[in-house]
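Please read these points with the sequence and the structure side by side. They are meant for a reader who is new to this kind of model.

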Amino acid sequence: MLAGGPAATGSVDRGSSLAPDVAVVGGGPIGWAVAWRCATRGLRVAVHDPAPGSGASHVAAGMLAPVAEAYFGERELTGLLTESAGRWPGFAAELGEAVGSDIGYRTEGTLMVGLTADDLAQTRRLWAYQQELGLPVTPLRPSQLREREPALAPRIRGGALAATDHQVDPRRLVPALRLAAERAGARLVAEPVRRLSEVTAAVTVVAAGCGTAALTGLPVRPVKGQVLRLRAPDGGPPGFRHVIRGYADGEQVYLVPRDSGEVVVGATVEERSDLEVSAGAVLRLLRAAVDLLPEIAEYDLVETRAGLRPGTPDNAPILGPLPGHPGVLVAAGHHRHGIVLAPVTADLITDLVTGVGSPDPLLAPFRPDRFVGPAGVGSATRPNFRLSTEDDSWN
Ligand SMILES: Cc1cc2nc3c(=O)[nH]c(=O)nc-3n(C[C@H](O)[C@H](O)[C@H](O)COP(=O)(O)OP(=O)(O)OC[C@H]3O[C@@H](n4cnc5c(N)ncnc54)[C@H](O)[C@@H]3O)c2cc1C
């Protein structure tokens, strides 16, 4: 764009103008990752957000799980998740170098388990599909599972290892991205953007999570998720190292252990937009978590919280030029995957901003114009429209 690409909005006067080259609306993981990448390419970047890092990322578990999250009917999304997860090691190393702080990036892998025979059948059906896609999943017998994680309940009927599914701590990641972006020259404008016309920059990138719909008309809707945070006793690390996800008596749950002693237990998936935490959700999550890892009944319950995932009609992100708005790019609708998708989103959007080469073919299935019908933005949905359901989604 800035280099005179197809949607160029004019040249940028770097010497005399105070207007940024790029205005990013939203300071979550997506906004700061884009800001960091753009700033390191020498662009002047402003990030607009009255409360950076306060969106879905503050609640997110931080699983980087393209394998365990490869669901039926989401083949294109799985491709993007896999691509981004592959970029994570380099992204984490570069970020660590830029800021010198630990973002909790851990590579022990993920165990997918089933408590009862029915639970195992559900888990197995999913991992059989994942294997069909060529993704690395290794089935494990109960004894093999417990060799890896002795704290797992003896009742567990079986499971599988997704060794390449990793994790990061979003509450460390977002401040690190912000620091890296600011060190590269980006600045924060701590105010909300109410209309895109308020923003003065050659290129505007809308990365406002659930705030994106009001700014663009695109179909990004809040999908509520409740999570718990536990802490291992005596300030020690949790008694397990892998991310554990599974079914326990039909209830889905995941447990994400952190070096700090924290364990994130999640999450509900609800078509609601409030942030209340319900006793029933806490009960269901805790019961399922304790069924899989009995020792966590001894942990402290330190936080219960709800967040709003920025969902889209096809559960996939919206990436690229906003039709009818020259100079405006969208990087939003990351739903359950905004942490894992941060590296690829930042790279693809930064390439569009700078107009390097032709648009990456990776972008094609995720363009905003898939939601543009005869009546304009938001008037079309793709035929594979589906809502998140408690049946097939975990984070
Ligand atoms: C319970 C739960 C668990 C999750 N677990 C995972 C996981 O394990 N792995 C994973 O990859 N993803 C996970 N996610 C999803 C992930 O958190 C989101 O996809 C990700 O945070 C989206 O990033 P974002 O920057 O687009 O939006 P957000 O993180 O929501 O940030 C949006 C930012 O935009 C700002 N904003 C909004 N409107 C405006 C405006 N008008 N002007 C200025 N600023 C504005 C907000 O203040 C906020 O700071 C989870 C989410 C939830 C809720």
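**Notes on the ligand, the domains and some residues**

1. Domain 1 (1-106 + 166-218 + 312-395) and domain 2 (110-163 + 222-310) each give at least three residues to the shell around the ligand. The domain bounds come from an automatic or database domain assignment. This is a predicted model, in which local features need pLDDT of at least 70 and side-chain atom pairs count only at pLDDT 80 or more, while totals for chains, interfaces and linings use all residues. Residues are numbered from 1 along each chain as its sequence is written, and side-chain values use heavy atoms, with hydrogens and water left out.

2. How far apart do the C-alpha centres of domain 1 and domain 2 lie? The distance between these centres is 28 Å. The contact between them takes 42 residues from domain 1 and 41 residues from domain 2, where contact means heavy atoms within 4.5 Å.

3. The ligand is surrounded by 39 residues, and the closest are Asp-49, Met-63, Val-193, His-335 and Gly-338. A residue is near a molecule or strand if one of its heavy atoms lies within 4 Å of it. By class, the shell has 18 nonpolar, 18 polar and three charged residues. Here Ala, Val, Leu, Ile, Met, Phe, Trp, Tyr, Cys and Pro count as nonpolar, Asp, Glu, Lys and Arg as charged, and the others, Gly among them, as polar. Helix 1, strand 10 (221-231) and strand 14 (300-311) each supply at least two residues of the shell. Helices (H or I, at least four residues) and strands (E, at least two) are DSSP runs, numbered from the N terminus.

4. Three N or O distances to the ligand can be checked by eye. A polar side-chain atom of Asp-49 is 2.6 Å from an oxygen atom of the ligand. Backbone N or O atoms are involved for Val-193, at 2.8 Å from a ligand nitrogen atom, and for His-48, at 3.4 Å from a ligand nitrogen atom. Of the 1000 Å² of accessible area that the ligand has on its own, the protein covers 93%; accessible areas come from the Shrake-Rupley method with a 1.4 Å probe, and for residues only the protein chains shown count as cover.

5. Pro-29 belongs to helix 1 (residues 29-40). Is Pro-29 buried or exposed? Pro-29 counts as buried because its relative accessible area is 10% (buried means under 20%, exposed over 50%, partly exposed in between, with a 1.4 Å probe and protein chains only). Beyond its neighbours within four places in sequence, its contacts include Ser-57, Val-174 and Gly-338.

6. Thr-204, in strand 9 (residues 203-206), is buried, with a relative accessible area of 6%.

7. Asp-234 and Asn-315 each deserve a look at the backbone. Most residues other than glycine have a negative phi, and most peptide bonds are trans. Asp-234 has a positive phi of about 60 degrees, and Asn-315 has one of about 65 degrees. Asp-234 is exposed, with a relative accessible area of 82%, whereas Asn-315 is buried at 1%.

8. The peptide bond from Gly-266 to Ala-267 is cis, with omega near -20 degrees. Ala-267 is in the loop between strand 13 (262-266) and helix 7 (279-292).

Technical notes:
Polar contact = N/O pair within 3.5 Å; in protein donor to acceptor, adjacent residues only side chain to side chain.
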